[in-house]
Amino acid sequence: MLAAVVLDALGAAPDPALDRAVGPGAAQRLRAELRAIARRWAAALAPGHAFEATSTAAAAIALDGHHGPVVLVAPDIPSLGPEHARAVLDDLAEGTALAVGSAHDALPYMVVLAAPHEELIERVGDGWEALMAVAAERGLPIAMLRPERRLASPADARALALDPLAPAGLVAQLGNLRRREV
């Protein structure tokens, strides 16, 4: 049985420049919509076994007693969709013990574990290279998921607004994006 955790510790820190660029209310709505995308994605991937956690310690508590595969996902990736779910399931079916998706900031946006490996869960904030090193030391089969871009900064917002594949609801909320941040 697969479990999925929307993990704040995988997300980027809130960028005050985004608040200035789109306005504080719009930035809050963007962050709420991003979290909703991650929640829906986790719930579709692991029905009845999707959780939210602010820290790796909270994720470990949510996963206490769980023995199957685990997916940890950041709450700030606008492009989460069925192709990510297929990649997760395919990697697990191929026997991958650890799969990591790296965001444009070189930090993981998704960590897939064949089983809840406590040391790897604790190290998710250390970056994908650290996770891969631990898995390699243990001889675990590893894989990389395709990279993605977060929506955390004004530059991310501008890039999303230009992306023809971006979720229309998020792009509509970027209508307030000012050309010059304060």
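**Entry 1: A106**

I began with A106, which is partly exposed, at a relative accessible area of 36%. I located A106 in the loop between β4 (98-103) and β5 (108-113). Helices (H or I, at least four residues) and strands (E, at least two) are DSSP runs, numbered from the N terminus. I then looked up the backbone angle: phi of A106 is near 70°, a positive value in a residue other than glycine.

**Entry 2: the model**

I note that this is a predicted model, in which local features need pLDDT of at least 70 and side-chain atom pairs count only at pLDDT 80 or more, while totals for chains, interfaces and linings use all residues. Residues are numbered from 1 along each chain as its sequence is written, and side-chain values use heavy atoms, with hydrogens and water left out. For the protein, I found a mean pLDDT (the predictor's confidence in each residue, from 0 to 100) of 91, with 96% of residues reaching 70 or more. Confidence is highest in β3, at 98, and lowest in helix α8 (residues 168-173), at a mean of 85.

**Entry 3: D76**

I next looked up D76, in the loop that runs between β3 (70-73) and α4 (82-93). Is D76 buried or exposed? With a relative accessible area of 7%, D76 counts as buried. I recorded a polar contact of 2.8 Å between the side chains of D76 and R150. Such a contact is a pair of N or O atoms within 3.5 Å; within protein, one must be able to donate a hydrogen and the other to accept it, and residues adjacent in sequence count only if both atoms are side-chain atoms. Not counting residues up to four places away in sequence, D76 touches G11, A12, L34, R149, R150 and L151, where contact means heavy atoms within 4.5 Å.

**Entry 4: E148**

I found E148 in strand β6 (residues 142-148). E148 is buried, at 12% relative accessibility. The side chains of E148 and R146 are joined by a polar contact of 2.5 Å. Beyond four places in sequence, I listed the residues that E148 touches, among them I77, H84 and Y109.

**Entry 5: L18**

Which residues does L18 contact, leaving aside neighbours within four places in sequence? They are G23, A27, R31, A152, S153, P154 and A157. I also noted that L18 and L151 are 133 residues apart in sequence and 9.2 Å apart in space, C-alpha to C-alpha.

Technical notes:
Buried < 20%, exposed > 50% of the residue type's maximum accessible area, 1.4 Å probe, protein only.
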